[in-house]
Amino acid sequence: MMTKAAVSKVRPGSAPKAGSSAGAVAVSIDASGLETRELNDRLRELLLSGAKRVEISHVCGQRYIGTRLYTPERHLMEIDIRGTAGNDLAAFLSGHKITVEGNAQDGVGNTMDSGEVVVRGRAGDVLGFSMRGGEIYVRDGCGYRAALHMKDCEGKRPVLVVGGGAQDFLGEYMAGGVVIILDRDGESHESSFMGTGMHGGVIYLRGTARVDQVGAQVEISPADEADRELIEEYVSRYLDRFPEVDMTKDEIMASPFVRLTPRSKRPYSGLYAY
Amino acid sequence: MAFYVDITRCIGCRSCEVACERVHGGRGHVQVHFVEDSASVPLFCHHCEEASCAAACFSGALFKEDTRTAFDVEKCTGCGLCSLACPFGVVWTDKIAHKCDLCDGRPEPTCVATCPADALSTDLDHLSRRARSRGARAAAQGGRR
Amino acid sequence: MRSFVFPEFEIIRDEERCGSCRGCERQCALGTHAYDPVADRLVSDDRKCAGCQRCVIFCPQKAIVVRPSPSFYRPNASWSREKIEDLKRQAETGGVLLTGCGSDKPFRIYWDHILLNASQVTNPSIDPLREPMELRTFLGRKPEMLEISREGKEVEIKTELYPNLTVETPILFSAMSFGAISYNAFKSLATAACRSGTYFNTGEGGLPREMRGEFGRCAIVQVASGRFGIDAEYLNVAQAVEIKVGQGAKPGIGGHLPGEKVSAAVAETRMIPQGTDAISPAPHHDIYSIEDLSTLITALKEATNYEKPISVKIAAVHNFAAIASGIVRAGADIIAIDGLRGGTGAAPKAIRDNVGIPTELAISSLDRRLREEGIRNRSSIIAAGGFRSSSDVIKAIALGADAVYIGSAALIAMGCTLCQKCYTGNCNWGICTQNPRLSGRLNVEIASQRLSNLISAWSHEIREMLGGMGINALESLRGNRDHLRGVGLYEWELDVLGIKGAGE
Amino acid sequence: MIRVDPRLCIGCLSCSNVCPSQNILRTETAEERRIRWKRCREECDLCVELCPTEALTLVPIDESAPEPEVSFPLAGCRICGRRYAPEPMLRRVEAALPKSQTSEWVWDCPACRRRAEAERTTAETVAARRRRRV
């Protein structure tokens with residue numbers, strides 16, 4: 001029911017970023033009965049023929065949507081997906097913008113390089129694995145091992161915003177980037193092993209976290225002013241993308257946030273005998 | 001840190017040259033110059049604040065360390081840029097640069113310790129104090145200095 | 001804490017010859033040699049010496065000898081010097097013993113127990129100097145059956161062919177990442193691969209952006225558990241993509257590039273911040289089953305528009321053939337199998353020396369397993385781990401490999417002396433270091449020439465040996481165990497290798 | 001062997017000083033300084049690493065290539081006229097000096113610089129002693 005309401009609110013080109021093609025005519029694909037490979041063949045053909053916006057309806061588990069859309073000339077495209085996107089949505093994505101009007105399965109944004117993914121629903125496990133750039137917004141919750149080994153480098157910082165809660169092993173081996181878990185339903189974070197092996201980046205949790213929930217390498221501290229400014233910026237972007245969310249920015253920001261950061265950039269430096 | 005020379009006391013005996021050479025394996029960093037027949041002065045590295053030699057050195061062998069201009073023999077390639085960059089001509093190079101190191105590792109530079117006329121010091125106050133006391137002594141004796 | 005470990009090496013300097021030029025002092029980044037200005041002579045600290053022999057080679061007067069230290073503990077068959085010293089080192093540091101290069105333990109080297117065949121009388125041998133010998137190899141999936149249409153003189157293959165790698169000689173450079181090895185060493189490998197018509201493997205450290213245009217055509221890029229330096233361009237400039245699951249030197253564990261070696265250029269290429277540890281977790285966290293591997297393989301095929309073969313590299317471990325069969329069924333076009341003596345920049349000693357199985361046995365059992373299951377055509381096999389000469393290569397091919405990866409051999413060609421101190425980042429030969437002063441010592445032009453020379457020399461030798469067997473194409477030798485005989489092997493070993501004993 | 005870029009070389013002799021094999025020969029007359037790189041088979045590249053101007057590169061040996069050689073006329077001292085250093089070295093020193101300082105003394109030879117310094121520091125004493133004697 002929620003999904004339906006969300007669909008009705010979609011405005012073409014509502015995204016503030018990468019919206020150079022706002023207003024461009026969308027090409028439609030009906031994905032019912034299409035194999036993964038056929039669907040992606042079609043998408044690539046459309047990309048090469050210069051399409052800027054594609055709407056795919058009746059998506060039901062087709063995988064790797066957005067993966068085969070790299071061209072050396074860097075053609076870019078906006079993709080709207082109606083239905084449930086399959087595994088590895090936006091894997092290795094480079095620059096495109098994908099909106100899912102529904103849920104996504106495992107591996108969203110696997111080793112994603114740049115671009116934006118908006119999931120108007122829930123995402124599965126290993127969300128944003130090894131992601132190194134771009135932004136992912138998930139309206140509801142996500143599965144296990146989100147933001148696993150996410151990393152950043154000079155001038156490129158991936159951002160993952162999850163509206164609901166996250167399950168165990170959030171930010172494992174994390175080496176960079178920003179993760180914001182808004183925990184909108186107020187279930188509080190019952191997940192464990194957060195940030196195990198973390199050595200870079202930062203995780204912000206709305207609410208609190210206990211020491212026994214995080215890995216030994218992680219330090220928990222309350223978010224300071226600068227942190228809150230950053231969080232606020234991404235909360236408003238999150239709300240821009242999900243106008244159906246029944247909370248205002250002030251309501252979200254009213255509660256405390258904690259920050260999880262690694263104690264050291266070199267967690268294992270003392271492990272070896274030379 | 002730098003050397004201060006009381007030129008009025010220098011007797012041109014060249015003890016400092018000899019001492020420096022002994023300490024630095026035969027290659028000294030001091031040279032005593034005679035001006036006309038009336039004066040002599042030992043020329044030293046001034047450990048300049050804005051050291052030209054360190055600015056010209058490409059290998060990082062010469063560098064400022066606190067107030068002294070330090071020399072790392074390991075890095076020197078003997079290119080000779082420093083000797084050309086010294087405005088006072090007191091850095092030598094053959095296959096390696098030779099420059100005052102303030103007798104690193106000794107309690108006091110050897111030349112200062114050696115000077116029989118007590119004309120050298122690394123402490124400006126010491127010289128000026130002495131000059132003052134000398135002036136006072138002379139005044140007490142009621143005569144010229 | 002004072003170290004109770006003997007110096008490993010003893011440095012002997014011939015004072016008569018030594019000209020005190022201090023060349024050795026400048027060559028040694030470990031600070032072994034020092035000049036004593038008072039005595040005007042050079043002195044050496046044995047404790048710092050890693051035995052890399054750089055000073056020995058570059059002493060203009062040939063005045064230095066570095067040899068293993070003759071000091072010994074009371075002989076004890078159980079407590080060897082190595083065991084005693086490892087123990088002392090751990091007692092002093094409390095750390096995991098690290099080491100570099102491949103295992104130096106005296107496991108049986110089967111190459112040295114396998115003999116090659118040659119033609120006599122009934123089957124003429126071929127003179128490779130006069131007749132064409134085909135070493136060109138295609139790596140990747142082959143169709144079950146070729147359908148050919150013929151219209152008049154026009155012949156056309158109707159079956160859709162899978163993407164394949166074409167190598168002019170079955171020798172490829174193994175995965176050595178920029179970060180583990182220096183930029184110059186990395187570039188030397190790339191240059192030599194392009195020049196020799198073969199491929200180099202980027203390892204998991206990414207491919208520097210400025211090298212992508214020129215060297216992409218001879219690159220196999222790796223996707224490992226750390227996912228360093230991967231973007232869509234990286235995957236698409238290369239000719240093949242390799243998923244690294246395991247490595248022969250350290251099966252079952254991940255990699256760990258210490259922060260000291262993550263220089264600005266390495267950080268940029270790996271796409272991580274400078275100075276942080278680059279940690280490759282032991283597993284791929286999106287792979288927990290063959291199904292998941294299949295997902296990743298397909299994701300990579302999607303990302304490269306089904307234009308490139310996808311390779312999966314695994315370490316040879318017990319029962320790996322069944323796993324490899326699963327990998328082939330998961331869609332891998334190439335399986336790289338890395339054996340016990342595979343090299344590394346850094347691995348815990350306990351793992352390097354105790355985990356895995358020898359390459360020779362692995363090739364044979366893998367080839368047999370895939371044949372038995374009827375899926376050998378679906379995947380090529382690249383063998384890796386401890387190839388030391390052209391005869392090792394040709395024996396591997398006769399045991400069933402399509403091609404081989406050489407790692408240590410390539411490093412040795414560039415100057416490496418297997419001193420096993422790669423992990424310190426102070427490689428005097430400029431290979432395994434990120435110190436610009438040291439890496440500058442490796443001249444790309446000269447090192448790549450050495451590598452090309454090695455490849456062409458081995459290729460010549462392979463042609464000679466092939467000719468001797470009366471075979472004019474390497475294809476015909478692959479898996480042809482009839483050309484091999486074992487000496488000094490137990491029956492079970494002959495069985496695993498699938499070869500007869502000599503004289504049979 | 002070594003390839004030399006004569007446009008970059010300033011004739012400082014660093015390379016010759018550090019070469020363990022003595023393969024970089026130098027000759028200096030009163031008029032000019034000459035440096036010759038023998039066709040070196042070593043690949044030690046110390047000279048390459050320690051060249052202040054990066055004028056040297058290590059290249060594969062080529063028996064047919066001529067041995068690189070450069071020569072520099074020595075610049076003469078403004079005061080005594082003695083020739084003391086290659087001009088490119090002096091230009092490099094001049095460029096390296098802080099802009100706040102005067103730098104024309106670079107064109108005086110070190111001996112003259114010392115003499116000037118000695119005269120300057122003793123001027124007062126000498127004058128005083130001369131007065132006393134008079």
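Which residues does Asn201(C) touch, not counting residues up to four places away in sequence? Keep that in mind as you open this predicted model, and let's begin the tour right there.

**Stop 1: Asn201(C)**

Select Asn201(C), which sits in strand S12 (residues 200-201) of chain C. Then show its surroundings: leaving aside residues up to four places away in sequence, Asn201(C) touches Phe173(C), Ser174(C), Ala175(C), Met176(C), Ile220(C), Gln222(C), Glu242(C) and Tyr405(C). Is Asn201(C) buried or exposed? Its relative accessible area is 2%, so Asn201(C) counts as buried.

Now look at where the side chain points. One thing to find is the backbone nitrogen of Gly203(C), which the side chain of Asn201(C) reaches at 2.9 Å. Another is Tyr405(C): the side chains of Asn201(C) and Tyr405(C) make a polar contact at 3.1 Å.

**Stop 2: the disulfide**

Next, select Cys194(C) and Cys218(C) and show their sulfur atoms. A disulfide joins the two, with 1.9 Å from S to S. Searching the whole structure turns up 1 disulfide over all chains. The link between Cys194(C) and Cys218(C) is left-handed, with -55 degrees about the S-S bond. It ties together distant parts of the chain: Cys194(C) belongs to helix H4 (residues 183-196) of chain C, while Cys218(C) lies in the loop between helix H5 (209-215) and strand S13 (219-223) of chain C, and the two are 24 residues apart. Colour by accessibility if you like: Cys194(C) is buried at a relative accessible area of 14%, and Cys218(C) is buried too, at 2%.

**Stop 3: cysteines of chain D**

Cys80(D) is in no disulfide, and the nearest cysteine sulfur, that of Cys112(D), is 3.6 Å away. Cys80(D) counts as partly exposed, with 41% relative accessibility. Then pick Cys109(D). Cys109(D) is buried, at 1% relative accessibility.

**Stop 4: helices H4(C) and H15(C)**

Return to chain C and display H4(C) together with helix H15 (residues 444-468). Their axes come within 8 Å and cross at roughly 45 degrees, so H4(C) and H15(C) are oblique to each other. The crossing of H4(C) past H15(C) is right-handed.

**Stop 5: helix H9(C)**

Now select helix H9 (residues 320-329) of chain C. How many of its 10 residues are buried? The count is 7, so H9(C) is largely enclosed by the rest of the structure. Those buried residues are Phe320(C), Ala321(C), Ala324(C), Ser325(C), Gly326(C), Ile327(C) and Val328(C). Their cover includes helix H8 (290-303), strand S17 (310-315), strand S18 (334-338) and helix H11 (359-372) of chain C. Before leaving, click on Gly331(C), which follows H9(C) and has a positive phi, near 115 degrees.

**Last stop: the chains together**

Finally, zoom out and colour by chain. Among the 4 pairs of chains in contact, chains A and C share the most contacts. Chain A has no contact with chain B, and their closest C-alpha atoms lie 26 Å apart. Nor does any contact join chain A and chain D, where the closest C-alpha atoms lie 27 Å apart.

How values were computed: Residues are numbered from 1 along each chain as its sequence is written. Chains are lettered from A and ligands numbered from 1 in the order in which they are written. This is a predicted model: local features need pLDDT of at least 70, side-chain atom pairs count only at pLDDT 80 or more; totals for chains, interfaces and linings use all residues. Side-chain values use heavy atoms; hydrogens and water are left out. A disulfide is a pair of cysteine sulfur atoms within 2.5 Å. Helices (H or I, at least four residues) and strands (E, at least two) are DSSP runs, numbered from the N terminus. Buried means under 20% relative accessible area, exposed over 50%, partly exposed in between (1.4 Å probe, protein chains only). A polar contact is a pair of N or O atoms within 3.5 Å; within protein, one must be able to donate a hydrogen and the other to accept it, and residues adjacent in sequence count only if both atoms are side-chain atoms. Contact means heavy atoms within 4.5 Å. Axes are lines fitted to C-alpha atoms, for helices over the stretch in contact, and angles run from 0 to 180 degrees between N-to-C directions. Angles under 35 degrees count as roughly parallel, over 145 as roughly antiparallel, 65 to 115 as roughly perpendicular and the rest as oblique. A crossing is left-handed if the near helix is turned anticlockwise from the far one by less than a right angle, and right-handed if clockwise.
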